[in-house]
Amino acid sequence: RWEGDYERDRPNLVRDTMTLLWAARRGLSEVELLEVLGTPGAPLPRAYFTPLHLAADAALVNRSGLLNFAHDYLRQAVERLYAATLESQKALHARIADYFGRQPLGLRQVDELPWQLVRAENWKVLYQRLAEPTFFAAAWEGNQFEVKTYWAQVETSSPWRMTEAYTAAIQGTGSGEFEWNVGMLLANTGHPEEAMTIRGRLVEKYRKSGDFINLQASLGNQAVIVRARGQLDEAMALHKEEERICRQLGNLDSLQRSLGNQALIVQDRGQLDEAMALHKEQERICRQLGNLHGLQGSLGNQAGILQDRGEFDDAMALLKEAEHICRQLGNLDGLQACLSNQAVILQDRGQLDDAMTLRKEAERICRQLGNLDGLSITLGNQAGIHYSRGQLDEAMALYKEQERICRQLGNRHRLQSNLGNQAVIHYSRGQLDKAMDLLKEQERICRQLGNLDSLSKSLGSLAGILKDRGQVEEAIALYKEEERICRQIGNPIGLAISLANQASILSKQGHPKEAFCLLEEALRVAQKHGLVAFVQQILPIVDRLRGSA
């Protein structure tokens, strides 16, 4: 009926108007619609458009000056009648992209143009726009997460790469603000070396110029990459300098960020009380400032410590608050981290289906953003669920993808854990040589990083393989080192297991008295720390050895 009433003077007016509204991201203003319906420099006269607009008024809605469909029924009808094929849809998006591509740089162009280019699959033009310093700056200021998403789509669907787009920033021939933002993007999307090049140069620049405001921020950014490389002492030194400058300047926002990052380093070293104190100070400052972004990060990190302590209900409460904040802010990076950490608790409670659902959502977000670090975490966690279900092939495939990402990012902390998990699968399949090779690499990395907790686990696993092969003296030596480390870092579970394994070897060697002493200590440790299953397992052995001893 509309076609019959309003297309006599302007053919296809209904088709063109409705399909443009269908293809728009959030709708089009009347001015934009008339300009697209017309020709460059000659908008469609209102005399043609106004009668249709009045007739369709009940089916349209105006939100903040943008016309759009009032309900999905009309949208679906338009798609069935006018835009049923992928090619027709891409052509519509290309038409709107062409229009916004000719507009002055502003909020509407930044919001609409890249979105349309993605749907038109015009990767070259999207690459070129994102590479432009002025457009990139406006887009980054508007929504960093969308910029990451656009780059992930470009790199997935085309040969264009962000490291090529931002050569000027990496080589130091761009503006300071442009380099700063590009450094943030590169660091968050799996390009730590390029980001480090930018950040190291900015630190020297601001140090020489006496620009302490930018210096403290650059020090913090540099320290994040240094920590990811496993250089904890160097990272802490950078954060300490950052903290000192922040306190001198009275810059509470940057101070809370520095304290949170220091807490993560202390946490890496197993000093949980010190880490919690730093996180608590960060939380206090964030609540004082009303900084929701920093607050959700602090709550999530505190929850991680509570999880390590077995305080799961308290941890879940913090993660739920953090999730609420992330959804409120539209913070997808923080949201995927919250979901992943909640999944850990659900997994510990045996709620594997619920845990996997959260991990899949986290994976989707990470792939959308091109967040390789977060992706590596959720892939490893999903692999753990598959392993617990006995789905070893599925688990190994995910661990392999995680390993590739960790090596790409240079994240040795996560790499060593990944190698240990792969070794467990090889061991369960009887592939002892493959397991041994992976554990040896894990051991080497842990010694380089000073990661005593993971080192103790690696030594225990290596000792188990040697014991299976009959190399008991070598196994005992590794168990002894594992025991020493567990006593040093206060790991009761690892200590009890190491003592029990040593006792097993000594008992078979005909040394019941020595075996009994070790098992008795293991039992005391297990009882003290509530390791019920372990106590039930070794108590009959202790009773049997008591008579022999």
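Guide: In this predicted model, the contact to start with is the one between H10 and H22: Phe145, Lys148, Thr149 and Ala152 of H10 meet Arg367, Gln368 and Leu369 of H22. Sorted by class, this contact has three nonpolar, two polar and two charged residues.

Next comes the geometry. Two packed helices are described by the angle between their axes and the distance between the axes. Helix H10 covers residues 144–157 and helix H22 covers residues 352–369; they pack at about 80°, and their axes are 6 Å apart. Angles from 65 to 115 degrees count as roughly perpendicular, so H10 is roughly perpendicular to H22.

The largest nonpolar core has 111 residues, and Trp151 and Tyr166 are the members that touch the most others in it. With neighbours within four places in sequence left aside, Trp151 is in contact with Tyr127, Leu130, Arg161, Met162, Ala165, Tyr166 and Leu185. Another core, of 23 residues, lies apart from the largest one; among its members are Leu419, Leu449, Leu455 and Tyr479. In soluble globular proteins, nonpolar side chains tend to be buried together.

Asp111 lies in helix H7, residues 107–120. Is Asp111 buried or exposed? Its relative accessible area is 16%, and buried means under 20%, so Asp111 is buried. Apart from neighbours within four places in sequence, Asp111 is in contact with Arg25, Arg26 and Tyr150.

For comparison, here is a second pair of helices. H19 (residues 292–308) and H21 (residues 332–348) pack at an angle of about 20°, with 11 Å between their axes. Angles under 35 degrees count as roughly parallel, so H19 is roughly parallel to H21. The crossing of these two helices, H19 and H21, is left-handed. On the H19 side the contact involves Gln296, Gly300 and Gln307, which meet Gly334, Cys338, Asn341, Val344 and Ile345 in H21. By class, the contact of H19 with H21 has three nonpolar, five polar and no charged residues.

How values were computed
Residues numbered from 1 in each chain as written. Predicted model: local features only at pLDDT ≥ 70, side-chain atom pairs only at ≥ 80, totals over all residues. Heavy atoms only, no water. Axes fitted to C-alpha atoms, helices over the stretch in contact; angles between N-to-C directions. Helix = DSSP H or I, 4+ residues; strand = E, 2+ residues; numbered from the N terminus. Parallel < 35°, antiparallel > 145°, perpendicular 65-115°, else oblique. Contact = heavy atoms within 4.5 Å. Nonpolar A, V, L, I, M, F, W, Y, C, P; charged D, E, K, R; others polar. Core = buried A, V, L, I, M, F, W, Y, C linked by side-chain atoms within 4.5 Å. Buried < 20%, exposed > 50% of the residue type's maximum accessible area, 1.4 Å probe, protein only. Left-handed = near helix turned anticlockwise from the far one by under 90°.
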